[in-house]
Amino acid sequence: MTAARLATIPAARPAWTSLTLLAPVVALVLHASIGPRPRPAAAAGAAGPLSTSPSATAAGPQSIVREAFVLLRGSDTLAVERFSRTAERLEGELVDFATNDQRESYVAVLRPDGLVSHLQVAVRPVTMARDTPPVRRAGLTFGPAATVSDVRDRAGERHQRLATPPGTLPYLKLSFALLEQATIRARAIGDRRVELPLVEVGGGRTFAALVERVGADSLTLRVDGREVRARVTENGRILGARIPPEDLLVERVLPHEAGILGRADYSAPAGAPYLAEEVRVRARDAHSLAGTLTLPAGASSPHPAVILVTGSGPQERDAAYLGTYRPFRQLADTLSRRGIAVLRLDDRGVGASTGSFTNATSADFAEDVRAALAFLRGRADLDGERIGLLGESEGGLIASMVAATDPGLRGVVLMGTPSRSGRSLIASQVRYRLGRDSDASLTRQDSLVDAVEARNDSLARLLPWLAYILDYDPIPTAVRVSPPVLILQGETDRQVPPTQAGELAIAVRGGGNRDVTVRIFPHLNHLFLVDEDGDPERYAGLASKALPPQVLGTVADWFEQRLRPPPPAAEARSGAGAAAGRT
């Protein structure tokens with residue numbers, strides 16, 4: 001189910017692109033308990049503000065936390081901030097796509113009491129390389145009774161001494177990593193209401209931020225005219241936030257989850273032998289699902305069709321991730337060029353779809369797929385008896401749920417789909433991460449797995465989807481799947497172990513289904529991208545973000561065969577007689 005954002009707030013589940021269930025919480029517990037494996041200073045510095053996850057407590061001055069904040073409005077990504085943090089230093093890069101397409105790189109020197117002694121910011125357009133001279137520099141140096149502001153840009157250099165009270169913190173618009181210093185400071189002070197002085201980077205404007213504790217894990221910030229409702233750890237780290245008046249959502253994620261979705265174009269590419277039709281599917285619970293139906297052009301109808309089923313987290317119809325990774329767009333293009341119509345949909349409550357995503361479970365998403373099936377079967381230009389499903393990760397679980405109750409389907413493709421419960425997968429992911437990032441003993445690993453499981457159980461009381469997926473066993477459903485099944489898996493998948501493909505196949509065959517095919521692709525990870533290592537924290541650095549031809553070809557060939565029209569009645573009778581004669 002898809003890689004991305006669970007430890008945010010109960011109001012929103014993460015938009016991950018694979019079954020990295022509660023990866024931020026996994027890392028939260030691991031860093032709090034053991035910290036990462038020490039790395040050479042040069043290597044850590046070279047990595048920059050990239051990967052690991054929410055640490056609730058510092059594991060010592062050498063503990064490095066690498067994370068990201070993503071600012072969203074609906075399915076649009078407005079800003080991304082990647083950062084790394086140690087006890088003495090906060091370093092990050094903020095990219096603002098909503099207003100000015102600029103990149104602000106910053107380094108803050110931290111004091112033991114959570115205050116900042118110095119901050120330096122360099123501003124460049126996103127089109128400029130990071131090693132080019134910035135168009136603007138700004139710095140703040142904090143003293144006991146004054147702050148020195150330095151700005152250098154095309155207008156020259158300006159130095160300003162600002163009278164500021166002790167404890168003043170820097171404010172950089174849209175930077176939640178820096179704003180987090182205020183929440184950490186407020187938690188350290190301990191009062192229910194804390195007023196903290198802030199000074200704006202570059203402008204010198206000073207104002208107060210009010211931090212008010214609402215509950216054990218939540219607080220409200222009133223800063224720069226905005227009300228921010230944040231969910232925090234015990235020591236003030238921000239896990240996620242909402243800005244209600246502007247309908248903005250802030251999510252804390254692993255760096256590789258901070259792919260820039262941008263504003264997608266769902267139209268058919270120029271010269272494509274198919275049309276792209278915008279459609280709306282009415283679902284059972286009165287909400288509607290917006291999507292794109294690609295229809296082969298020039299081919300005789302009715303056409304066979306395939307529905308693509310997204311993985312976990314709020315997903316738009318292309319299952320977009322890591323900027324250019326749009327697997328469902330690639331699959332739709334490939335299949336429609338083979339004469340197969342393809343329907344891909346925004347999840348409920350995502351993109352142009354209505355309804356609520358927050359309280360839905362996998363079973364609810366299966367109902368949405370059934371609504372999509374009814375929609376396709378009601379169209380005269382489509383053959384309702386030649387429809388297949390393709391699901392990726394959790395989408396494979398959902399497709400299996402539907403196929404188990406719909407023997408009229410002609411085929412189901414399961415990509416990177418687990419055979420075990422979410423609880424089991426999380427445990428295996430924790431052990432994998434421990435094996436890479438620590439030297440913990442087996443006994444220590446067991447205790448950390450227990451700690452993550454306890455945290456998940458606590459969150460499950462707030463998140464219906466998590467409560468469902470933690471204990472959902474895919475095997476009883478797989479046994480009841482009667483349509484043909486193609487199970488695909490990447491050999492270097494570290495999120496759903498490749499052995500689970502075989503377990504799924506055994507279960508499906510155990511129910512009497514003899515048309516089951518398994519294909520394991522060498523050197524491909526959970527996203528079916530070329531990756532010799534498969535570590536999810538390295539996804540962002542992969543050379544290619546496109547599904548390779550062998551994956552697209554395997555899916556298209558299989559569906560092309562399974563969705564062929566049945567032979568004419570006379571031919572079928574003749575074939576049956578010949579077969580009887582050979583018996």
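**Figure 1. Surroundings of R420 in the predicted model.** Leaving aside neighbours within four places in sequence, R420 is in contact with L425, Y472, P474, Q500 and E503, where contact means heavy atoms within 4.5 Å. The model is predicted: local features need pLDDT of at least 70, side-chain atom pairs count only at pLDDT 80 or more, and totals for chains, interfaces and linings use all residues. Residues are numbered from 1 along each chain as its sequence is written, and side-chain values use heavy atoms, with hydrogens and water left out. R420 is found in the loop between β21 (411–415) and α7 (422–437); helices (H or I, at least four residues) and strands (E, at least two) are DSSP runs, numbered from the N terminus. The side chains of R420 and E503 are joined by a polar contact of 2.5 Å. A polar contact is a pair of N or O atoms within 3.5 Å; within protein, one must be able to donate a hydrogen and the other to accept it, and residues adjacent in sequence count only if both atoms are side-chain atoms. From C-alpha to C-alpha, R420 and L504 are 9.0 Å apart in space, while 84 residues separate them in sequence.

Figure 2. S421 has its place in the loop between β21 and α7. Is S421 buried or exposed? S421 counts as buried, because its relative accessibility is 19%; buried means under 20% relative accessible area, exposed over 50%, and partly exposed in between (1.4 Å probe, protein chains only). R420, at 39% relative accessibility, counts as partly exposed. Beyond the neighbours within four places in sequence, S421 is in contact with I469, L470, D471, Y472 and P474.

**Figure 3. I487 and the largest nonpolar core.** A nonpolar core is a set of buried Ala, Val, Leu, Ile, Met, Phe, Trp, Tyr and Cys residues joined through side-chain atoms within 4.5 Å. The largest nonpolar core has 59 residues, of which L293, I307, L343, L376, L389, L466 and I487 touch the most other members. Leaving aside neighbours within four places in sequence, I487 is in contact with L414, A501, L504, A505, V516, T517, V518 and R519. Apart from this core lies another, of 49 residues, among them A138, A177, V232 and I238.

**Figure 4. Aromatic pairs.** The structure holds seven aromatic pairs. Rings of Phe, Tyr and Trp (its six-membered ring) pair if their centres lie within 6.5 Å; planes under 30 degrees apart count as stacked, over 60 as edge-to-face and the rest as tilted. One of the pairs, Y171 and F207, is edge-to-face, at 5.3 Å centre to centre with 85° between the planes. Y171 lies in strand β9 (residues 169–171) and F207 in strand β11 (residues 206–215), so this pair ties together parts that are 36 residues apart in sequence. Y171 counts as buried at 8% relative accessibility, and F207 counts as buried at 17%. F521 and F528 also form an edge-to-face pair, with 6.3 Å centre to centre and 80° between the planes. F521 is buried, with a relative accessible area of 1%, and F528 counts as buried at 1% relative accessibility. Ring pairs also link F69, F83 and F176 into a cluster.

**Figure 5. R317 over the ring of Y266.** The charged end of R317 sits over the ring of Y266, 4.1 Å from the ring centre. A charge sits over a ring if NZ of Lys or CZ of Arg is within 6 Å of the ring centre and within 35 degrees of the ring normal.

Figure 6. Most residues other than glycine have a negative phi, and most peptide bonds are trans. The peptide bond from S301 to P302 is cis, with omega near 5°. P302 has its place in the loop between β17 (288–296) and β18 (303–309). D247, a residue other than glycine, has a positive phi near 55°. D247 is found in the loop between β14 (238–243) and β15 (248–253), and D247 is exposed, with a relative accessible area of 52%. A286 is not a glycine either, and its phi is positive, at about 75°. A286 is found in the loop between β16 (274–282) and β17, and A286 counts as exposed at 67% relative accessibility.
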